[in-house]
Every structure is written in C-alpha cells, then in structure tokens.
Amino acid sequence: MGIIPNKENDEQLSILFIGAHPDDADIQFGGTALKYLQQGHTVNYVSMTNGDAGHHMQGGGALAQRRRRESQRVAEFMGIHYIVLDNHDGELQPTVENRHKVIQIIREVKANLVITHRPNDYHADHRNTSLIVQDAAYLICVPNVVPFTPRLTFNPVIVYHQDRFRKPYPFVPEVIVDVTDTNDKKFEALSFHESQVYEWLPFIEGYLDEVPTTSEERLNWLKAKWSPMFNTSSFVADLKASADTLNGVQYIEAFERCEYGGKLTHENVKTLFPFGIVNF
Ligand SMILES: [Zn+2]
C-alpha cells in the first residue's frame with residue numbers, strides 16, 4: 001500500500017493526515033506538513049476516496065487513475081507517502097470496513113498525531129471521514145479489533161484542520177502554525193493536482209475562464225487566488241494569545257483538538273507541534 005512504516009527513533013514523530021479526497025491534505029495541511037518534514041519527522045497523507053466523481057469532463061476509473069497519479073507526484077515532490085483508498089468519491093460511508101481500514105493504517109504508521117476534517121462540513125465525504133476517524137479513536141488500542149495488525153499501546157492525538165463553518169459552533173484555532181515560509185512550496189505541491197485546482201474547482205466555483213495556460217502563470221494565479229484563505233488576519237479575532245504573537249506572520253494553518261483519542265495538553269503540545277503557537 002506504500003506506507004512509510006515506522007518512526008526510526010523516539011524523537012521522530014509520525015504525522016498522519018486523513019482526508020476525504022486527493023487534495024484535502026495539500027490544501028489544509030501542506031504548509032505544516034513541510035515544517036514537520038524539515039525537522040525530520042514522517043508524514044503520510046490518506047485520501048479516503050479515489051476522487052472519481054469530481055470533474056466536469058472526466059469520471060470513473062480513468063479519473064481515479066489520474067487523481068492517484070497526481071497524488072503520487074505530490075508524494076515524490078514532498079518526500080511523503082500518499083495513500084489513496086479505492087472508495088467512490090461522493091459515496092463514502094462510515095462503515096465498519098472503512099473504520100477497520102483506518103485503524104489498520106493508524107497502527108501501521110504508529111501515528112502520534114492524526115489530522116482530519118471537523119464533523120460539521122459541507123461535504124458528506126468530509127463529515128464521514130471525520131466520523132470514521134472518531135469511531136476509530138478508542139479502538140486503536142483494543143487488541144481484538146483488527147487483531148492481525150498489532151494494537152498501539154498509546155492513543156494518537158487527533159486534531160481538526162481549520163474551516164469556515166459556523167454551526168453548531170465555529171472552528172476554534174487552538175494551535176496555530178506560521179506557514180509563511182512554506183506557503184510557496186505548499187502551493188507548488190498543490191499544483192500537481194491539476195485536475196482539481198486548474199480544472200474541476202475553477203469549473204464548479206465559476207472561474208474557469210481565469211485559469212492561465214502556462215504552468216508558471218498558473219502557479220502564481222493559484223497562490224494569489226487561494227493563499228488569502230490562510231491569511232493570519234482571518235484568525236486574529238479568535239486568538240486568546242496576544243495578537244502581537246502573530247506580528248509579521250502572513251499565512252497560518254490552525255488546528256482544533258478532538259475530544260476523542262489521545263489528548264493534546266500543555267504537556268505534550270510542544271512535542272507534537274514543535275513550531276506551534278498554543279492558543280488554549
Ligand atoms: Zn475534499
């Protein structure tokens with residue numbers, strides 16, 4: 001399946017992003033992933049679906065194959081492993097089978113930290129991915145569940161990535177990562193998802209005619225179009241810490257604690273987020 005199997009020593013963290021689609025990890029977590037990689041930690045991305053529905057000109061097996069190729073190009077560029085599971089896009093269900101698959105992956109990579117979507121989100125696949133991860137949380141340590149993959153003796157910490165949804169409650173930025181210095185490379189990686197960022201998403205969001213034709217122009221356009229979503233100013237109002245903390249910080253990615261699985265505390269937050277600004 002192409003998983004990076006294990007941490008080589010106790011100092012090396014195993015970081016696992018579990019998203020619904022091939023590109024979710026790159027958009028929501030790419031800047032932070034690059035910071036872990038710079039420090040020698042291991043990063044794995046999972047897409048719970050194969051992305052075979054989200055396009056206006058292509059679909060089915062050919063699109064799934066294209067999405068997987070794009071993900072592999074990201075993996076090579078970043079130095080990570082990108083696991084694309086063969087579930088249909090738009091149809092992901094929180095089945096026991098999917099829960100067991102997630103338990104197996106979390107155990108195999110011995111994840112210290114798992115990042116996923118919040119359970120309230122516009123996309124059913126995102127919601128169900130979140131539910132699957134939450135349902136897996138406790139069972140990771142239970143030996144009789146998925147018994148052929150040895151249980152973990154510690155419970156990985158689970159956090160949610162940032163989003164803009166307000167109900168039932170808005171996202172709380174409990175850990176903030178300054179990604180100003182990795183933003184350019186994040187978008188370079190994201191640009192390998194050509195079928196998403198230059199075709200499907202501009203189509204469905206109604207700006208396909210804006211997309212430039214040359215690859216350099218495209219990358220600059222993508223950065224200009226999407227970087228503002230990660231602008232620091234959009235989070236300052238929610239900061240408990242002084243806004244001075246974010247002086248000179250242009251782009252951030254932020255995370256909220258999940259109540260299930262291992263707990264992110266003042267004791268372990270600096271180990272799990274060595275570069276994080278703590279806001280809880
Ligand atoms: Zn998605």
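A residue is buried if 20 or more other C-beta atoms lie within 10 Å of its own, exposed if 12 or fewer, and partly exposed in between, with C-beta atoms placed from the backbone. I kept that beside me for these entries.

**Ground rules.** I am working from a predicted model, where local features need pLDDT of at least 70, side-chain atom pairs count only at pLDDT 80 or more, and totals for chains, interfaces and linings use all residues. Residues are numbered from 1 along each chain as its sequence is written. My helices (H or I, at least four residues) and strands (E, at least two) are DSSP runs, numbered from the N terminus.

**Entry on H6.** I looked up which residues of H6 are buried, and found Ser195, Gln196, Val197, Tyr198, Trp200 and Leu201. For what covers them I used contacts, meaning two residues whose C-beta atoms, placed from the backbone, lie within 7 Å. The cover on the buried residues of H6 includes H2, H5 and H7. After H6 I noted Gly206, with a positive phi near 85 degrees.

**Entry on His55.** Next I went to the loop between strand E2 (42-47) and H2, where His55 is found. I count His55 as buried because it has 20 C-beta neighbours inside 10 Å. Leaving out residues up to four places away in sequence, I found His55 touching Leu63, Ser195, Glu199 and Trp200.

**Entry on H5.** Which residues of helix H5 (residues 183-190) are buried? I wrote down Asn183, Lys186, Phe187, Ala189 and Leu190. They sit on the same side of H5, because they cover an arc of only 155 degrees around the axis; the arc is that of the directions from the helix axis to the C-beta atoms. As a reminder to myself, an α-helix has 3.6 residues a turn, so residues three or four places apart point the same way. The partners I found for the buried residues of H5 are helix H1 (24-38), helix H2 (60-78), helix H6 (194-204) and helix H7 (215-226).

**Entry on H5 with H7.** For axes I used lines fitted to C-alpha atoms, for helices over the stretch in contact, with angles running from 0 to 180 degrees between N-to-C directions. H5 and H7 pack at about 120 degrees, and their axes are 10 Å apart. That makes H5 oblique to H7, given that angles under 35 degrees count as roughly parallel, over 145 as roughly antiparallel, 65 to 115 as roughly perpendicular and the rest as oblique. I noted Phe187, Glu188 and Leu190 of H5 against Leu219, Leu222 and Lys223 of H7. By class I get four nonpolar, no polar and two charged residues in this contact; Ala, Val, Leu, Ile, Met, Phe, Trp, Tyr, Cys and Pro count as nonpolar, Asp, Glu, Lys and Arg as charged, and the others, Gly among them, as polar.

**Entry on H3 with H4.** How do helix H3 (residues 96-109) and helix H4 (residues 124-137) cross, and at what angle? Their axes come within 9 Å and cross at roughly 65 degrees, which makes H3 roughly perpendicular to H4. On the H3 side I listed Asn98, Arg99, Val102, Ile103 and Ile106, and on the H4 side Ile132, Val133, Asp135 and Ala136. I sorted this contact into six nonpolar, one polar and two charged residues.

**Entry on Val102.** I finished in helix H3 with Val102, which is buried because 26 other C-beta atoms lie within 10 Å. Not counting residues up to four places away in sequence, Val102 touches Ile18, Ile132, Val133 and Ala136.
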